[in-house]
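Have the structure open as you read.

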Amino acid sequence: MPGPTYTQHAFNLPSYPRGSHLVTSDITKQLSEPLKGVKAGLLHLFLQHTSCAISLNENYDSDVRADMSDSLDRIVVEDKAGKGIYRHDMEGSDDMPAHIKSSMIGASVSIPITDGKLALGTWQGIWFLEFRDGKHRRKVLATIQGERA
């Protein structure tokens, strides 16, 4: 009986403005072929950046995403007045808060795979959280491990 297989796939997410975005369909579209044939396994998604995040959360009500972004902005404030609350400010007032939020939420998630599909809960979706102003190209490294059918 062969052991588990491991594959990696790098891709870019579409550019998103600042905020919390549901990207489950973007991810599954990028990985539809590699996921096929995985009977039981694990998908690990890793963002190769320090000013955005990836998470699992509510997939139905978009107000949850807006509330999350608003809440994070209240928890980690920007220094728009230039009072010097952060030492690292050469890239703009949104940069250091973006690094803090990225550390709080995280740069990776792991999701079970069952019969070639992501085994997300009924109300779970994959979120991409962009913490910087402007649109950026964000790279994802996906690692798929599992038993093939």
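I113 has L118 of β6 as its bridge partner. That contact belongs to the antiparallel pairing of β5 (residues 108-114) with β6, which comes to 2 bridges. Keep in mind that this is a predicted model.

**The sheet as a whole**
- Five strands make up an open sheet, and they line up as β1-β8-β3-β5-β6 with antiparallel pairing.
- At the edges sit β1 and β6 (117-118), each of them pairing on one side only.

**Around β8**
- On one side, β8 (residues 138-148) runs antiparallel to β1 (residues 5-13), and 9 bridges join the two.
- If you want a landmark in that pairing, look at A10, which stands opposite L141 of β8.
- β8 also pairs with β3 (residues 38-47), again in the antiparallel sense and over 9 bridges.
- Here the pair to look for is V38 and R148, with R148 on the β8 strand and V38 opposite.

- You'll find D61 in the loop that links β4 (52-58) and α2 (62-75).
- Is D61 buried, partly exposed or exposed? D61 counts as partly exposed because its relative accessibility is 33%, and that class lies between the cut-offs of under 20% for buried and over 50% for exposed.

How values were computed. Residues numbered from 1 in each chain as written. Predicted model: local features only at pLDDT ≥ 70, side-chain atom pairs only at ≥ 80, totals over all residues. Heavy atoms only, no water. Pairing = 2+ DSSP bridges. Helix = DSSP H or I, 4+ residues; strand = E, 2+ residues; numbered from the N terminus. Buried < 20%, exposed > 50% of the residue type's maximum accessible area, 1.4 Å probe, protein only.
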